[in-house]
Amino acid sequence: VSDGNDDVFLENSVKENEENKARKDSADSFYSTDDELESTDADLPRKKSSNNPRKKSIISHVYTVPQVLRKFKISILFMCITLVFILTFTPRLVIMISEATNKGYWSGLTDNQIRASLFFYRFYIVNNIVNPFLYAAFDSRFKQEIKKRLSCFKKT
């Protein structure tokens, strides 16, 4: 038994297929590739004008190697930042949990243990110190600028 929704779905599906075909056949389409452009407009006369070069498809320029490497580099950067955050904040979190569960946490420690606990309690500050260096290590323009500025100091 059909409730009418199947007919509407089929009509919409047919419309979408026709629209996709029309889009694919269009020479200026975002979805077309260079091969499709050559096959669709091969029979059309071409003007011999050097002022208006043939447009290339956007698709052919989307996934270039430098862009992929840049995305990979950014992913590695954020993984390093996250790792440093976890390593520097975990000791503070452990001490905070110990304080909450043991009311006499600080009074039960020796002087050296208190110093070590306070060191690790404030160890998260290292994250703030390391972050700019991580950004610098992964940013090639920043590295070039630093090298340029440091070479100025060597000359004077």
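**Group meeting: a pocket in a predicted helical chain**

Helices α4 (65–101) and α6 (125–138) each supply at least two residues of the lining of the second largest pocket. Helices here are DSSP runs of H or I with at least four residues, numbered from the N terminus. This is a predicted model, in which local features need pLDDT of at least 70, side-chain atom pairs count only at pLDDT 80 or more, and totals for chains, interfaces and linings use all residues. Residues are numbered from 1 along each chain as its sequence is written, and side-chain values use heavy atoms, with hydrogens and water left out.

Which helix gives the most to this lining? It is α4, with six residues. The lining consists of Pro66, Leu69, Arg70, Lys73, Ile74, Leu77, Tyr135, Phe138 and Asp139. By class, six of these are nonpolar and three are charged, with no polar residue. The space in the pocket is about 170 Å³.

I turn now to the whole chain. It has seven helices and zero strands. Of its 156 residues, 12% count as buried, that is, under 20% relative accessible area with a 1.4 Å probe, protein chains only. The accessible surface comes to about 13400 Å², and 61% of it belongs to carbon and sulfur atoms.

Finally, confidence. The chain averages a pLDDT (the predictor's confidence in each residue, from 0 to 100) of 74, and 58% of the residues score at least 70. Confidence is highest in helix α5 (residues 111–121), at a mean of 95, and lowest in helix α2 (residues 34–40), at 46. Over residues 23–42, pLDDT stays under 50. Where pLDDT is low, the predicted coordinates should not be read in detail.

Terms used: Contact means heavy atoms within 4.5 Å. Buried means under 20% relative accessible area, exposed over 50%, partly exposed in between (1.4 Å probe, protein chains only). Accessible areas come from the Shrake-Rupley method with a 1.4 Å probe; for residues, only the protein chains shown count as cover. On a 1 Å grid over the protein atoms alone, a cavity is a set of points where a 1.4 Å probe fits but cannot get out, and a pocket is an open set with protein on both sides within 12 Å along at least five of seven lines; lining residues have an atom within 4 Å of a point. Grid points are joined across faces, edges and corners, and a volume is the space filled by probe spheres set on the points. Ala, Val, Leu, Ile, Met, Phe, Trp, Tyr, Cys and Pro count as nonpolar, Asp, Glu, Lys and Arg as charged, and the others, Gly among them, as polar.
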